[in-house]
Amino acid sequence: MSSAPEAQAATDAKLTAEIRSSTRDEPVSARLTTDDRVLARVTDGIYRQPGSAIRELVSNAYDADATQVVIKTDRPRFETLTIEDDGIGMTPDALAYLLHHIGGSAKRSPGGSGLGITKRDDPMSSPNGRRLIGKIGIGLFSVSQLTNRFHIVTKTQGDDSLIVASVVLRQYSDEGPSETDDEGKYEAGFVKIWREPASDPEAHGTTITLTDIRPQTRDTLRSNEVWAVVDADPSLDPEESRAVEPPVFHIGRVKHDDSSSLEGDTDAYDNLPWSPDDEPGAAFGKLVDAVWGQVEGKSKNPRLGDIFDYYLRMVWQLSLSIPAPYVLGSPFELAIGDEMYLYEIPKATKSAAQSFELAEGETILGTRSIGNGAGVSDDFAVYFDDLRLSRPLKFTDLPNTAHAVRKPILFVGRCREEFKGIRHELSGGPLEFETYLIWTPKVAPTEHQGVLARVHGSSGTLFDPTFMRYQVSEQNRLRQITCEIFVSQGLEAALNIDRESFNFAHPHVVYITQWLHATLRRVATAQKRIAGEIRAGRRATAAEETQAAMSNVARKAWREESDDPGAEPPHVMFDEGLDQSLPEEPGTYRFRRAPILGEKTARPTAADMTTEKQMEALVQLLAAFDVLENLSEPQQERLLAGIREILETSP
């Protein structure tokens, strides 16, 4: 019997011969295959940050119908890390398939239901009907980003035994010797598996324990690079003019020479915004409030990289990615009332956004039926040490600023595109999504400036501050916008293998990009209009106050000179000609407009209106002292015109 390499060589030789003899009329057909080195790269780690690996394990728990995931660390040491869920667990069949088919997940395939990992009549859903997050079966091996050793303990309901698997992953090297089995296939690592009696046959779930955390990963989790800069003596570097401040909030640190001991004498919670007595959900709320508190404190534009150590940033980013409720409610479900300007975005990209209002107690979801895709059920909770994670975005009770527009502007919309007339393999099928864009004078943290896309409630990407490569010079306004897109159908195929970026050539990404850019233009138009109306209103209010003050001066003089506390000064009119028939009160002072104020324009400005009111008050003041009584009408006109010219030439 030939070995795998020999069989592959024979297959290659056969195809070579067929290619040599092929013609246009008789082409060769062949299947594309993947080299083992691709698998090696996958198991060796394809994610950018340690937190990404934890995100993938949480996603696996969600797909396994877990209602609770508990992540425990020994912060700030990070010698071990445990992820425990109460999902359906893995049967021996499911575990065997997982270990022998890395990158070949049974999820989203007809065989998934037979292994108990998908719904019987829907391979795209979990056994209990959740839309699956995982795609290709590499989530478990994301732990290679953290360690090359981990233990799996898993159990299904009703089984009187649990399964224990001890896994050791290989470190791939392009230059080192190839690690293959007897058939020449690449070996990703080794696993020892055994069964043990279970104390509770009805229990179910999976626990993954990571040990021997990689030194470089442990240094990252401990924020060693940050603390090294903080501890550096600025006098040793002439280009460094000031000492670097430590993060505002952090979990503490271990001693350089003894990782079992903590640096300093402070309590572990002295530099955290919550206390050990806080309920996990309340503790996370305090973490979010601490970020917004920086806006009115030391950091006017708080950036997570400045105020958090790596651990807290990792927790924050994980809370953004998982299917979790918002910390204080989603914008679609809040009774906003008149706290925001509200607009609905039409599907047609050339149509203007339409303003609308909500009565007291009403919500956007209830009145506009927008936002169903943003909601998540309350049957999935993720705990990370002291915290219960929620999406860390606030939409109400935001800090006041000096910006002309004091209230946030919220835009909501939904869109469905069928791509009719385009073949499915070219279009990727139908695309459906809902969205909100919120403009606020201040976005906190600054990492929330941008757009984030969620597919079935989950996201591997962070906020994209470029708004999918928006090329219009609106940088100041873009820094005041947060946008989330909730995709309920489509876009999954556009996710790259690490789920942290998109294939921008995919039709769904192209469509969303064009829709988003058109919407941003509508947002800018609406915001400019609101700001203009507010400024015009303020100018009008100021003008009214000025006019009232001038009238009061004239009224006071008239009453004093007439010795009648209740007397009102005479009415003053400027019209287009004395022959014009206009009703007037007795004692009215009536003048031609042109000689005194100039010709009346079709659209008088605020300055024109103010000047006219000034002249009315002056006529009343002059009349109070009988200045106009002995002057002819032409003399009155020349006097008033001269006064107007003096007022207009005054600085």
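This is a predicted model: local features need pLDDT of at least 70, side-chain atom pairs count only at pLDDT 80 or more; totals for chains, interfaces and linings use all residues.
**Helices H3 and H9**

Two packed helices are described by the angle between their axes and the distance between the axes. Helix H3 covers residues 50-63, and helix H9 covers residues 310-321. Their axes come within 10 Å and cross at roughly 35 degrees. The crossing is right-handed. On the H3 side, the contact is made by Pro-50, Gly-51, Ile-54 and Arg-55. Facing them in H9 are Tyr-310, Met-314, Leu-318 and Ser-321. These contact residues divide into 5 nonpolar, 2 polar and 1 charged.

**Leu-221**

Leu-221 is found in helix H5, residues 215-221. Leu-221 touches Pro-50, Phe-78, Tyr-310, Tyr-311 and Met-314, leaving aside residues up to four places away in sequence. Leu-221 and Met-314 are 93 residues apart in sequence, yet their C-alpha atoms are 8.7 Å apart in space.

**Helix H7**

Helix H7 runs over residues 280-293. At 1.5 Å a residue, its 14 residues should span 20 Å, and its end C-alpha atoms are 20 Å apart, so the two values agree. Glu-279 caps the N-terminal end of H7. A side-chain oxygen of Glu-279 lies 2.9 Å from the backbone nitrogen of Gly-281. Buried residues of H7 include Phe-284, Leu-287, Val-291 and Trp-292. The cover over the buried residues of H7 includes helix H8, H9 and strand S10.

The table lists distances between named atoms.

| Pair | Atoms | Distance |
|---|---|---|
| Leu-221 and Met-314 | C-alpha to C-alpha | 8.7 Å |
| Glu-279 and Gly-281 | side-chain oxygen to backbone nitrogen | 2.9 Å |

Key. Residues are numbered from 1 along each chain as its sequence is written. Side-chain values use heavy atoms; hydrogens and water are left out. Axes are lines fitted to C-alpha atoms, for helices over the stretch in contact, and angles run from 0 to 180 degrees between N-to-C directions. Helices (H or I, at least four residues) and strands (E, at least two) are DSSP runs, numbered from the N terminus. A crossing is left-handed if the near helix is turned anticlockwise from the far one by less than a right angle, and right-handed if clockwise. Contact means heavy atoms within 4.5 Å. Ala, Val, Leu, Ile, Met, Phe, Trp, Tyr, Cys and Pro count as nonpolar, Asp, Glu, Lys and Arg as charged, and the others, Gly among them, as polar. The expected span of a helix is 1.5 Å times one less than its number of residues. Buried means under 20% relative accessible area, exposed over 50%, partly exposed in between (1.4 Å probe, protein chains only). A polar contact is a pair of N or O atoms within 3.5 Å; within protein, one must be able to donate a hydrogen and the other to accept it, and residues adjacent in sequence count only if both atoms are side-chain atoms.
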